[in-house]
Amino acid sequence: MSTGTSTGTPATTASVSTHILDTSVGRPARGVAVRLAARAGRDAPWQPLGGSATDADGRCKDLPALPEGTTHVRLDFDTEAYLQTSLQTSAKKQADAQQDAPANRDSGAVFFPEVTVTFAVTAGEHYHVPLLLNPFGYSVYRGS
């Protein structure tokens, strides 16, 4: 992605993209709602910008643009509905003899109903922030 405009002037905002991989099944997580918020300074209030949902490839291709002056971004992933469906599917596939399997260990409640990732940005840079998700853990990183 270009860090400037077609006229050669530097971009005045950062841009953000994300995707989710369900590491428990080795596939993209489809249908997860993602909300985007931004602020201009550490003590500034968060401004909700809108959101999207992951597609069949686990990507959000239509997140809103960041306003000029953005210094911090927050991505809120609503993982509960996706993980609940995933846990139910997993539980159906597991034999009752595997009582220590994660799908059978708990009451069926989702351990991470939402994931919030907050990060600092610099104007003109693109930030790709993938979420690696499973029923009992997650990780994020700055991708490319």
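This section describes the sheet, the nonpolar core and the aromatic contacts of a predicted model. Residues are numbered from 1 along each chain as its sequence is written, and side-chain values use heavy atoms, with hydrogens and water left out. Local features need pLDDT of at least 70 and side-chain atom pairs count only at pLDDT 80 or more, whereas totals for chains, interfaces and linings use all residues.

Strands and helices are DSSP runs numbered from the N terminus (helices H or I, at least four residues; strands E, at least two). Strands of a sheet pair through backbone hydrogen bonds, either parallel or antiparallel; here, two strands are taken as paired if DSSP finds at least two bridges between them. An open sheet of four strands has the order β4-β3-β6-β7, with antiparallel pairing. Its edge strands are β4 (47-53) and β7, each of which pairs on one side only. From one strand to the next the twist averages 20°, with axes being lines fitted to C-alpha atoms (for helices over the stretch in contact) and angles running from 0 to 180 degrees between N-to-C directions.

Within this sheet, β3 and β4 pair over six bridges, and Val34 has Ser52 of β4 as its bridge partner. Arg74 in β6 is the bridge partner of Ala37, while Thr116 in β7 is the bridge partner of Asp76.

Ala37 lies in strand β3. This residue counts as buried because its relative accessibility is 3%, where buried means under 20% relative accessible area, exposed over 50% and partly exposed in between (1.4 Å probe, protein chains only). Contact is defined as heavy atoms within 4.5 Å. Not counting residues up to four places away in sequence, Ala37 touches Trp46, Gln47, Pro48, Leu49, His72, Val73 and Arg74. The C-alpha atoms of Ala37 and Thr118 are 9.3 Å apart, although 81 residues separate the two along the chain. The charged end of Arg74 sits over the ring of Trp46, 4.7 Å from its centre; the criterion is NZ of Lys or CZ of Arg within 6 Å of the ring centre and within 35 degrees of the ring normal.

A nonpolar core is a set of buried Ala, Val, Leu, Ile, Met, Phe, Trp, Tyr and Cys residues joined through side-chain atoms within 4.5 Å. The largest such core has 25 residues, of which Leu75, Phe77 and Phe119 touch the most other members. At least two residues each come from β1 (15-22), β3 (33-39), β6 (72-78), α1 (80-93), β7 (115-120) and β9 (131-134). In β6, five of the seven residues are buried. Leaving aside neighbours within four places in sequence, the contacts of Leu75 include Val16, Val34, Leu36, Leu63, Val117, Phe119 and Val129.

Rings of Phe, Tyr and Trp (its six-membered ring) pair if their centres lie within 6.5 Å; planes under 30 degrees apart count as stacked, over 60 as edge-to-face and the rest as tilted. Phe112 and Tyr138 form an edge-to-face pair, at 5.0 Å centre to centre and 85° between the planes. This pair links distant parts of the chain, 26 residues apart: Phe112 is in the loop between α2 (102-105) and β7, and Tyr138 is in strand β10 (residues 137-140). Phe112 counts as partly exposed at 21% relative accessibility, as does Tyr138 at 37%. Phe119 and Tyr127 form a tilted pair, with 6.2 Å centre to centre and 40° between the planes. Phe119 is buried at 13% relative accessible area, and Tyr127 is buried at 7%. Ring pairs also link Phe111, Phe112 and Tyr138 into a cluster.
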